[in-house]
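Subject: Handover of a structure and notes on what was found in it

Dear colleague,

Please find the structure below, together with its sequence. My notes follow after it, and I would be grateful if you read them with the structure open.

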Amino acid sequence: MIVRNLQEAEASARRIVSPDGNWESTRLLLKDDGMGFSFHITTIYKGADFHLHYKKHLESVYCISGCGEVETLSDGVKYPIEPGTIYILDKNDDHMLRAFEEMQMACVFNPPLNGKEVHHEDGSYALEAEAVVD
């Protein structure tokens with residue numbers, strides 16, 4: 001059994017802050033935990049408006065608090081995000097994420113992240129990160 005506490009993880013190397021200042025993510029479950037997926041609590045800062053395109057990962061995102069929108073770039077459709085909303089990137093969807101107020105999200109990635117990933121310029125993550133959380 002794996003048991004972790006969010007506050008303790010936030011005070012460790014499991015908390016990653018994006019270099020562009022749009023988000024921070026505490027990675028509670030990672031690849032080296034051997035579960036086949038990773039689980040994160042991610043905060044999207046108010047006013048964030050950025051491109052994401054996970055070309056090698058599938059992601060499910062559940063909104064715990066805050067509000068914003070996600071826009072699929074293939075068709076320009078905008079979906080509101082509020083507490084209780086889940087969006088699932090089941091087709092490696094190229095998208096924009098906007099936070100009208102700070103949003104706290106629960107995120108699941110498959111394949112799992114290693115822990116140190118930040119987005120490339122094209123909005124993607126590498127399949128294998130070079131650094132792993134200790």
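Which residues touch the most other members in the largest nonpolar core? Before the reply, a word on the basis of these notes. This is a predicted model, in which local features need pLDDT of at least 70 and side-chain atom pairs count only at pLDDT 80 or more, while totals for chains, interfaces and linings use all residues. Residues are numbered from 1 along each chain as its sequence is written, and side-chain values use heavy atoms, with hydrogens and water left out.

The nonpolar core

The residues in question are Ile44, Phe50, Ile81, Tyr87, Leu97, Met103 and Met105, in a core of 21 residues. A nonpolar core is here a set of buried Ala, Val, Leu, Ile, Met, Phe, Trp, Tyr and Cys residues joined through side-chain atoms within 4.5 Å. Buried means under 20% relative accessible area, exposed means over 50%, and partly exposed lies in between (1.4 Å probe, protein chains only). At least two residues of this core come from each of β4, β5, β8, β9 and β10, and β10 gives the most, with 4 residues.

When its neighbours within four places in sequence are left aside, Ile81 is in contact with Cys63, Gly66, Cys67, Gly68, Glu69, Val70, Tyr87, Leu97, Met103 and Met105.

The chain as a whole

The protein chain contains 1 helix and 10 strands. Helices (H or I, at least four residues) and strands (E, at least two) are DSSP runs, numbered from the N terminus. Read from the N terminus on, the order of elements is α-β-β-β-β-β-β-β-β-β-β. Of the 134 residues in the protein chain, 44% are buried. Among contacts between residues at least 6 apart in sequence, 62% join residues at least 24 apart. The accessible surface of the protein chain is about 7,200 Å², and 52% of it belongs to carbon and sulfur atoms. Accessible areas come from the Shrake-Rupley method with a 1.4 Å probe; for residues, only the protein chains shown count as cover.

An aromatic pair

A pair of aromatic rings is described by the distance of the centres and the angle of the planes. Rings of Phe, Tyr and Trp (its six-membered ring) pair if their centres lie within 6.5 Å; planes under 30 degrees apart count as stacked, over 60 as edge-to-face and the rest as tilted. The count by this rule is 1 aromatic pair. Why is the pair of Tyr54 and Phe109 edge-to-face? The ring centres of Tyr54 and Phe109 are 5.1 Å apart and the planes stand at 85°, so the pair falls into that class. Tyr54 belongs to the loop between β4 (49–53) and β5 (58–65) and Phe109 to strand β10 (residues 103–110), so the pair ties together parts that are 55 residues apart in sequence. Tyr54 is buried, at a relative accessible area of 4%, and Phe109 is also buried, at 3%.

Salt bridges

Side chains of opposite charge can pair when their charged atoms come close. A salt bridge is a side-chain nitrogen of Lys or Arg within 4 Å of a carboxyl oxygen of Asp or Glu. There are 6 salt bridges by this rule.

- Asp33 pairs with Arg4, with the closest N and O atoms 2.9 Å apart. Asp33 is in the loop between β2 (23–29) and β3 (38–44) and Arg4 in the segment before α1 (6–10), 29 residues apart.
- Arg98 pairs with Asp49, with the closest N and O atoms 3.2 Å apart. Arg98 is in strand β9 and Asp49 in strand β4, so the pair ties together parts 49 residues apart in sequence. Arg98 is buried, at 15% relative accessibility, whereas Asp49 is partly exposed, at 43%.
- Asp90 pairs with Lys91, with the closest N and O atoms 3.1 Å apart. Asp90 is partly exposed, at 43%, and Lys91 is exposed, at 60%.

Shared partners join Asp49, Glu69, Glu71 and Arg98 into one network of salt bridges.

Backbone details

Most residues other than glycine have a negative phi, and most peptide bonds are trans. Asn92, in the loop between β8 (86–89) and β9 (94–99), has a positive phi near 55°. A cis peptide bond, with omega about -5°, joins Asn110 and Pro111; Pro111 is in the segment after β10.

Yours sincerely

Note on methods: Contact means heavy atoms within 4.5 Å.
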